[in-house]
Amino acid sequence: MRTIAGWVFGLGLLGVLTIGLQGRTLAQGAAEGRELFVTYGCWQCHGYEGQGSVAGPRIAPTLLPYAAFEVLVRRPANLMPAYAPSALPDDVLQEIFAFVQSIEEPPALEDIPALQ
Ligand code: HEC
């Protein structure tokens with residue numbers, strides 16, 4: 001019994017540590033990703049919050065997995081310039097993705113007092 005309890009506790013602790021570390025890495029990635037989103041000019045067409053503009057569609061919040069996001073940036077459908085790995089390395093794109101992913105759904109219109 002004691003051994004099982006020990007294992008359960010140990011695994012639980014491991015889980016908490018893993019989630020904690022991931023959380024920290026994601027949050028850090030998002031902050032750096034925001035700067036890179038600006039440096040690499042994504043904001044010029046997609047807006048500072050990925051909200052979209054006349055030049056590019058809304059890209060945040062996103063449900064895209066990284067693999068799909070990467071394809072859309074490396075081989076865009078139409079008007080967007082293609083970003084090759086030589087111009088936009090994979091690690092930079094991953095941080096930009098972390099930032100885009102960190103952008104949350106805006107509140108519903110009914111929940112914005114100024115609009116009531
Ligand atoms: C010159 C304007 C422009 C810039 C700069 C730009 N984009 Fe785009 N982006 C677009 C347009 C326009 C589309 C719509 C597809 C097309 O026409 O190619 C698009 C589409 C996308 C999509 C796919 C959206 C979807 O759900 O279909 C993603 C993801 C994206 N852009 C990410 C980025 C990132 C990341 C950067 C910066 C590295 C960036 N874009 C820079 C114009 C731009």
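Biologist: Leaving aside its neighbours within four places in sequence, which residues is V100 in contact with?

Modeller: Happy to! V100 is in contact with G50, I59, A60 and T62, once neighbours within four places in sequence are left aside; contact requires C-beta atoms, placed from the backbone, within 7 Å of each other. Two words on the numbers: residues are counted from 1 along each chain as its sequence is written. The model is predicted, so local features need pLDDT of at least 70 and side-chain atom pairs count only at pLDDT 80 or more, while totals for chains, interfaces and linings use all residues.

V100 belongs to the largest nonpolar core, whose 12 residues are F37, C42, I59, A60, V73, Y83, L93, I96, F97, A98, F99 and V100. Such a core is a set of buried Ala, Val, Leu, Ile, Met, Phe, Trp, Tyr and Cys residues joined through C-beta atoms within 7 Å. Buried means 20 or more other C-beta atoms within 10 Å of a residue's own, exposed 12 or fewer, and partly exposed in between, again with C-beta atoms placed from the backbone. Helix α4 gives the largest share of this core, 6 residues; helices are DSSP runs of H or I of at least four residues, numbered from the N terminus.

Y66, F69, E70 and V73 in α3 meet L93, Q94 and F97 in α4.

C42 counts as buried because 23 other C-beta atoms lie within 10 Å. Beyond residues up to four places away in sequence, C42 touches F37 and I96. Its C-alpha atom is 9.3 Å from that of G56, 14 residues apart along the chain.

C42 and G56 also lead us to the ligand: both are among the closest of the 22 residues around it, together with C45, N78 and M80. Here a residue counts if its C-beta atom, placed from the backbone, lies within 6 Å of the molecule. The elements giving two or more residues to this shell are α2 (43-46) and α3.

Technical notes:
Two residues are in contact if their C-beta atoms, placed from the backbone, lie within 7 Å.
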